[in-house]
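Have a look at the structure first, then read on.

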Amino acid sequence: MSGFMTFAKESMKNLFSKPATINYPAEPINFPEGSRGHITIEVDKCISCGMCVRVCPPGALAIDKIKGTWTINRFDCIACSYCVIKCPVKCLAIEPGYTEPDFKKASETFTKSPEVLAREAAKREEMAKKAAEAKAAALAKAAAAKATAEKAPKAADSQEADKQ
């Protein structure tokens with residue numbers, strides 16, 4: 001009987017006191033300073049340099065420069081924030097909170113807008129054209145240097161012949 005009375009006393013106390021837990025769905029959670037959270041990206045700001053992919057310890061990130069996609073496998077990500085620290089354009093950030101739970105292991109892919117993809121493609125074409133022009137100029141310069149080098153020994157031979 002004493003066990004029941006202890007339980008009844010505790011029950012009555014809990015009925016009229018404030019809850020020990022927070023009212024989560026009704027009130028947002030205030031995450032403490034320094035909590036890890038999850039990685040977010042401003043994909044249109046990303047320059048697809050791949051620095052985040054190279055520094056990610058578990059290999060949870062992938063980039064496709066041509067398609068303009070940035071992919072994160074949330075199950076593999078350990079939220080260490082190395083990618084955020086190393087990003088040269090600061091398009092990555094750690095947002096407090098957690099992502100929605102899911103029933104299957106899947107990755108999340110972010111794609112750049114068509115306007116940004118078109119600009120990047122035009123820039124790549126322009127850079128390829130400049131590289132081709134620079135290569136052609138270097139080949140022409142090398143050919144001119146070779147032609148000059150071939151003429152120099154002939155001129156030296158003709159000068160020796162003149163002396164004799």
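Which side chain does the side chain of Thr71 make a polar contact with? In this predicted model, the partner is the side chain of Thr109, at 3.1 Å.

**Around Thr71**
- Thr71 sits in strand 3, and it counts as buried because its relative accessibility is 17%, with the cut-off at under 20%.
- Leaving out residues up to four places away in sequence, Thr71 touches Ala60, Leu61 and Ala62, plus Ser107, Glu108 and Thr109.

**The nonpolar core**
- The largest nonpolar core is made of 15 residues, and those with the most contacts inside it are Ile39, Ile41, Leu61, Trp70, Cys83 and Leu92.
- Strand 1 (38-41), strand 3 (69-73) and helix 3 (82-86) are the elements that each give two or more residues to this core.
- Take Ile41: not counting residues up to four places away in sequence, Ile41 touches Cys46, Trp70, Cys91, Leu92 and Phe110.

**The cavities**
- Searching the whole structure turns up two cavities of 30 Å³ or more.
- The largest cavity comes in at about 70 Å³, and of its 15 lining residues, Cys46, Cys49, Cys52, Cys87 and Cys91 lie nearest its centre.
- That lining splits into 13 nonpolar residues, two polar and no charged.
- The second largest cavity has a volume of about 60 Å³, and its lining includes Ile39, Leu61 and Cys83.
- Here the lining has 11 nonpolar residues, one polar and no charged.

Methods: Residues are numbered from 1 along each chain as its sequence is written. This is a predicted model: local features need pLDDT of at least 70, side-chain atom pairs count only at pLDDT 80 or more; totals for chains, interfaces and linings use all residues. Side-chain values use heavy atoms; hydrogens and water are left out. A nonpolar core is a set of buried Ala, Val, Leu, Ile, Met, Phe, Trp, Tyr and Cys residues joined through side-chain atoms within 4.5 Å. Buried means under 20% relative accessible area, exposed over 50%, partly exposed in between (1.4 Å probe, protein chains only). Helices (H or I, at least four residues) and strands (E, at least two) are DSSP runs, numbered from the N terminus. Contact means heavy atoms within 4.5 Å. A polar contact is a pair of N or O atoms within 3.5 Å; within protein, one must be able to donate a hydrogen and the other to accept it, and residues adjacent in sequence count only if both atoms are side-chain atoms. On a 1 Å grid over the protein atoms alone, a cavity is a set of points where a 1.4 Å probe fits but cannot get out, and a pocket is an open set with protein on both sides within 12 Å along at least five of seven lines; lining residues have an atom within 4 Å of a point. Grid points are joined across faces, edges and corners, and a volume is the space filled by probe spheres set on the points. Ala, Val, Leu, Ile, Met, Phe, Trp, Tyr, Cys and Pro count as nonpolar, Asp, Glu, Lys and Arg as charged, and the others, Gly among them, as polar.
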